[in-house]
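Please examine the sequence and the three-dimensional model shown here.

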Amino acid sequence: NTLNWDTALTLTFANDISLRQAEAALHQFWQAVDARLYGKAARRFGKRCQRLNFVEGDGVLSRYHFHIITLCPADRFDEVEDYCGFLRALWLERNPNNFAVSCAPIRSQQGYARYLTKRVRSDSCDALVLDSSHISAAH
């Protein structure tokens, strides 16, 4: 709640893959996003988009998919819709067999937080994917 997350992104895999493969695809996707937006500064100075990635699904009854909250980089995009278009196009470019991509502005942070935690129970919840999440210490 301390950051004004403005973009909700959901990436769903069209084919059955392992959790390891899904997380690798997500990690590679964010590396490509950061590289395209920030070039060498992504590698040299750790310049990255702010994001938190959550994985849902069990790979058996439901396919793995990621719910992501991210901040539209104001230094690169004037509108969240433009950022969404960029993310959609890059995901499909890198993962052409994955058909479900949803990206939209977050209208209610509390509402989306409830959605992200809808499965939080004593026996299950979506898991935060730390390896590909990024929150700047400056925020």
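Buried means under 20% relative accessible area, exposed means over 50%, and partly exposed lies in between (1.4 Å probe, protein chains only). Since six of the six residues of β2 (residues 51-56) are buried, this strand is largely enclosed by the rest of the structure.

This is a predicted model, in which local features need pLDDT of at least 70 and side-chain atom pairs count only at pLDDT 80 or more, while totals for chains, interfaces and linings use all residues. Residues are numbered from 1 along each chain as its sequence is written, and side-chain values use heavy atoms, with hydrogens and water left out.

Strand β2 runs antiparallel to strand β3 (residues 65-70), and six bridges join the two; strands pair if DSSP finds at least two bridges between them. Within this pairing, Arg51 stands opposite Thr70 in β3.

The protein as a whole has four helices and five strands, where helices (H or I, at least four residues) and strands (E, at least two) are DSSP runs numbered from the N terminus. Along the sequence they follow the pattern β-α-α-β-β-α-β-α-β. Of the 139 residues of the protein, 42% count as buried.

Finally, consider helix α3 (residues 80-94), in which Glu81 is placed. Glu81 counts as partly exposed because its relative accessibility is 42%.
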